[in-house]
Amino acid sequence: KSVKAFAPATVANVSCGFDILGFAIEGMGDWVRLEEKDSPGLEVVSITGDEGKLPKEVEKNTCSVAIQAMLDHLNVEIGMAIHLEKGLPLGSGMGSSAASAAAALVAANEFLGNPFEKKELLPFAIAAEKAACGAGHADNVAPSLMGGFVLIRDYHPLDVIKLHVPKGLYCTLLHPHFELKTADSRSVLRDSIPLKHSTIQSGNVAGLVAGLYEEDFDLISRSLRDVIAEPYRSILIPGFNEVREAVKAKGALGMGISGSGPTLFCLSKGEEKAQAIADAAEEVYQSIGLGVDVF
Ligand code: HSE
């Protein structure tokens with residue numbers, strides 16, 4: 001028996017929605033293939049596309065951690081050999097660990113005859129994120145599993161809502177050539193935030209969600225602001241301010257850090273603008289001598 005599944009890259013936070021908003025990106029992602037194994041237990045047999053950087057230990061690899069959480073929940077022991085094909089760069093802020101976990105869970109679910117709805121796989125994926133970066137955030141795994149634009153209204157208990165997305169909303173991803181680990185990028189954040197920042201951030205989350213439903217691109221643009229994480233994290237990302245200025249001049253609705261970075265995301269109305277944004281950003285990276293992939 002052999003089962004293969006894909007899960008896409010994701011943009012988490014979407015500026016104002018720290019740990020509660022994320023969306024899936026079409027096309028890019030990770031593949032996981034599972035094969036039946038004679039002896040019980042999981043084994044990470046092969047990983048490609050990671051330059052040998054990912055752990056194969058069952059208790060560390062996000063694929064095996066996620067599947068093990070699922071098997072523990074079902075109270076079954078079964079033998080599975082895991083083959084992971086990374087399509088996503090590590091430490092990029094594009095939901096790389098989440099895509100591996102999500103693909104592994106979709107494959108394992110199919111392997112077992114689909115006992116779970118997609119949404120029900122979320123707690124197992126969150127367990128994998130916790131193993132990967134120390135925090136069980138769901139804003140990458142939820143959109144990677146469910147597709148589209150997702151809100152995590154609450155974690156206890158999990159309350160996940162798929163949001164409406166207006167037609168013509170494009171995302172440009174700018175992935176500079178260096179790694180930033182989520183754990184490191186979380187460690188620069190503060191434990192508490194001033195009341196006035198909470199007010200600003202709540203206003204923007206509400207504005208962004210309203211903007212998506214109203215298909216009001218100006219409102220979306222006004223709401224793409226982050227006073228909680230970005231002030232601390234942007235310091236870790238060379239060229240952040242220059243890129244922002246350049247893409248705004250090309251009509252970007254907004255630019256922010258994709259998840260925990262260093263990838264930056266820009267939203268725009270229409271494909272032409274998305275392309276102009278990509279070109280302008282590439283020029284900035286070139287001028288500061290930093291390699292970049294643009295998606
Ligand atoms: N919400 C998470 C964070 C996303 O910002 O740390 C990590 O990709």
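Visitor: In which loop does Asn-13 lie?

Guide: A word on the source: this is a predicted model, where local features need pLDDT of at least 70, side-chain atom pairs count only at pLDDT 80 or more, and totals for chains, interfaces and linings use all residues. Residues are numbered from 1 along each chain as its sequence is written. Helices (H or I, at least four residues) and strands (E, at least two) are DSSP runs, numbered from the N terminus. On that scheme, Asn-13 sits in the loop between β1 (2–12) and β2.

Visitor: Is Asn-13 buried or exposed?

Guide: Its backbone stands out first: phi of Asn-13 is near 75°, positive in a residue other than glycine. The call rests on other C-beta atoms within 10 Å, placed from the backbone: 20 or more is buried, 12 or fewer exposed, in between partly exposed. Asn-13 has 27 of them, so it is buried.

Visitor: And Asn-75, buried or exposed?

Guide: Asn-75 also has a positive phi, about 60°, although it is not a glycine. Asn-75 lies in the loop between α1 and β4. With 6 C-beta neighbours inside 10 Å, Asn-75 counts as exposed.

Visitor: How far apart are the end C-alpha atoms of helix α1?

Guide: Helix α1 covers residues 62–74, which is 13 residues. The expected span is 1.5 Å times one less than the number of residues, so α1 should span 18 Å. The model agrees with that, its end C-alpha atoms being 19 Å apart.

Visitor: Which helices are included in what covers the buried residues of α1?

Guide: Among the buried residues of α1 are Val-65, Ala-66, Ile-67 and Met-70. Their cover includes strands β2 (21–36), β3 (41–48) and β4 (79–85). The helices included are α2 (96–111) and α3 (122–133).

Visitor: Where is the cis proline Pro-262?

Guide: The peptide bond from Gly-261 to Pro-262 is cis, with omega near 5°. Pro-262 is placed in the loop between β8 (254–257) and β9 (264–269).

Key:
Two residues are in contact if their C-beta atoms, placed from the backbone, lie within 7 Å.
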